[in-house]
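Hello,

Here is the structure I promised to pass on to you.

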Amino acid sequence: MRILVAFLGLFAGVLAGAMVVIWNPSERIEPRFSLQTDEPTRLTILDSVARGSGAEPRSLLGLGGDLGGGFSDPALRYARVNVTVLKPEQGGANALAVKLSAVSMKNTLFRGRLFANSAWIIDWPGHGSLFLVGSDDYWPMLKDAAWSALFSGAFAPTPSVFPLTERLQIGRFQGVVGATGALTDFAGRYQEWQETGGAAPGGYLKLEPHTL
Amino acid sequence: MMRAFLFSFVAGLALSVGLSSIFPLPDHERFPSSIEVLNNGGRQEQFLIRWPQDRLAVPGNPGLLTSVADSTAFLLSAGGSITITELFRLRDVAENVIGIAARTTGNRSGTASQSDWVLLIPSRGSMLMSQRDSANLTPLRAGDGWMLPANTRAFWSAGKRYRITAGPAPGGHGRILRGTEEFARLTGSYTETWELLNQMSDGTTEGRILLATTLRSK
């Protein structure tokens, strides 16, 4: 009887510990990132193809889920390339975007950090291009996936739109770092949202021009 | 009985919190960097790309894009202008694959094109670079499809080595706009050079792209 009670206690303790890690207290004290403009430029992902490590918690934890066959090169094992068509919500020409990202080496479950570092080039044919760098925060998606695992047994986030830039990774800039062509003077910040559960990869970016 | 439960509960709690700190999260393989320190300050590092073997294919094709060179490049056209992005594996001078590179080329004005590079070395960070090209490097129409200039005989008619970068930085260098992580506090310039190594009977080519970067502290 005592062994059964101890086993139950251990199980309850492990579960409680997992809850503490997933709803990590240190995650709540990290700096939040938000745009200040009410109506930033919104770029919707019309279509996208990807190859490499998947854009969801399972892949960032190193548990598989590669896209497009992944990469066999050891140095690229946890990197991803996305080729995307972006459509400005306010109208105008579509843009060709390429996003390269890699799992952050500063990730730690103990401190509630599950980031990927990203760099973008967004190019409007004949017009100009924007260069973006930032970090994608997959912790909210991990929390959702853990919740799903508890209730449905499947470790995958529910179909939804997740903000990838809810927190700032300390020491990293999140925004537009360069521009060419007609966009040369553009500076600003951005946020990204990722849609899960859809037939095709989806989501959107919001660009906020920098005000001095 | 209660003591047994509490003791094992605390042990379980400590176990899962402890496991979270030692959980083996992904780490990137890193090769020794081949960096040359310059006499007058700064550092030089070369990267190379071999074509066609380093071209990265991405399965599928976004509906509004045209796939070029066996899905290793994607083209978007609008209002008579085109822009193309090519994907590559990136190597160090010892030929180790160390990262991914994307080159976006567009024809904005005049006869020469403009190219933007993003290099991602997962273990070290990323670099965003921009240049004015010495020629028009946008793809050429070939029947119903498109052909990359480096895959045409005409492009190599005058030589086997071309410096592609023609500005905008002084000396005809390209500009390194920003770096992240290991490259975060660095600024500098670069040149892109194409070398033809072999030309097949069907016109296709083998060659390499050399990216020579010069970086110094901001």
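Chain B and chain A bury about 5500 Å² between them, and 76% of that area lies on carbon and sulfur atoms. Buried area here is the accessible area (1.4 Å probe) that two parts lose on being put together, summed over both. The contact (heavy atoms within 4.5 Å) takes 65 residues from chain B and 70 residues from chain A.

Before the details, a word on conventions. This is a predicted model, in which local features need pLDDT of at least 70 and side-chain atom pairs count only at pLDDT 80 or more, while totals for chains, interfaces and linings use all residues. Residues are numbered from 1 along each chain as its sequence is written, chains are lettered from A and ligands numbered from 1 in the order in which they are written, and side-chain values use heavy atoms, with hydrogens and water left out.

Back to the interface: there is one salt bridge between chain B and chain A, where a salt bridge is a side-chain nitrogen of Lys or Arg within 4 Å of a carboxyl oxygen of Asp or Glu. The side chains that form a salt bridge are those of B:Arg89 and A:Asp73, at 2.7 Å from N to O. On the side of chain B that touches chain A, α1(B) gives the most, with 12 residues. Helices (H or I, at least four residues) and strands (E, at least two) are DSSP runs, numbered from the N terminus.

B:Ser126 counts as buried because its relative accessibility is 3%; buried means under 20% relative accessible area, exposed over 50%, and partly exposed in between (1.4 Å probe, protein chains only). Leaving aside neighbours within four places in sequence, its contacts include A:Ala119 from the other chain, as well as B:Leu119, B:Arg178 and B:Phe183. The side chains of B:Ser126 and B:Thr180 are joined by a polar contact of 2.8 Å (a pair of N or O atoms within 3.5 Å; within protein, one must be able to donate a hydrogen and the other to accept it, and residues adjacent in sequence count only if both atoms are side-chain atoms).

Finally, have a look at A:Leu15, which is found in helix α1 of chain A. With 36% relative accessibility, A:Leu15 counts as partly exposed.

Best wishes
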